[in-house]
Amino acid sequence: MTSLSDIHDEYDFLDADDRYRLLIDLGRALEPMPDALKADTTLVRGCSASVWVYPTRREDGALHFLADSNAAITKGIIALVLLTVQDKLPAAIAATDIEACLAPFDLKNQLSSNRTQGIPNMIALIRETAARYT
């Protein structure tokens, strides 16, 4: 898996169109989420596009998230969010400042408000999930 830092280094040098393409590519690289998991219970509320996030717990206790969206750029955004927490222990996820990790991407100024409005809800769902397992 590519690191958030490596992705930011690439993102920083791209123009707006290529940044969209990078986000779309990140979304395409997400592990496939079975359609059966795309349910009302896994739907992230408050997103303009449909976003589903499903947590699984590995044998070592770390959380692994499956995610998908019906919008390519939104799928890339959730992929970016997951890079900050994927396969970490719940306590480590709770201690991660996800917003600070994403801040260098300046998504609010790079993307329309329609595309970024659900990010706080994605982050809240991940934090709530981690809290349930701690």
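Predicted model: local features only at pLDDT ≥ 70, side-chain atom pairs only at ≥ 80, totals over all residues.
Residues are numbered from 1 along each chain as its sequence is written, and side-chain values use heavy atoms, without hydrogens and water.

**Helix α8.** I looked up α8, residues 119-133, and found that its 15 residues reach 22 Å from first C-alpha to last, close to the expected 21 Å (1.5 Å times one less than the number of residues). Helices here are DSSP runs of H or I with at least four residues, numbered from the N terminus. I listed I119, M122, I123, I126, T129 and A130 as its buried residues, buried meaning under 20% relative accessible area, exposed over 50% and partly exposed in between, with a 1.4 Å probe and protein chains only. Seen down the axis of α8, these buried residues fall within an arc of 125 degrees, so they line one face of the helix (the arc is that of directions from the helix axis to the C-beta atoms).

**Helices α2 and α3.** I noted that the axes of α2 (residues 16-28) and α3 (residues 72-83), lines fitted to C-alpha atoms over the stretch in contact with angles from 0 to 180 degrees between N-to-C directions, come within 7 Å and cross at roughly 70 degrees.

**Two loop residues.** I found D87 in the loop between α3 and α4, with a positive phi of about 65 degrees although it is not a glycine. D106, in the loop between α5 and α6, has a positive phi near 45 degrees.
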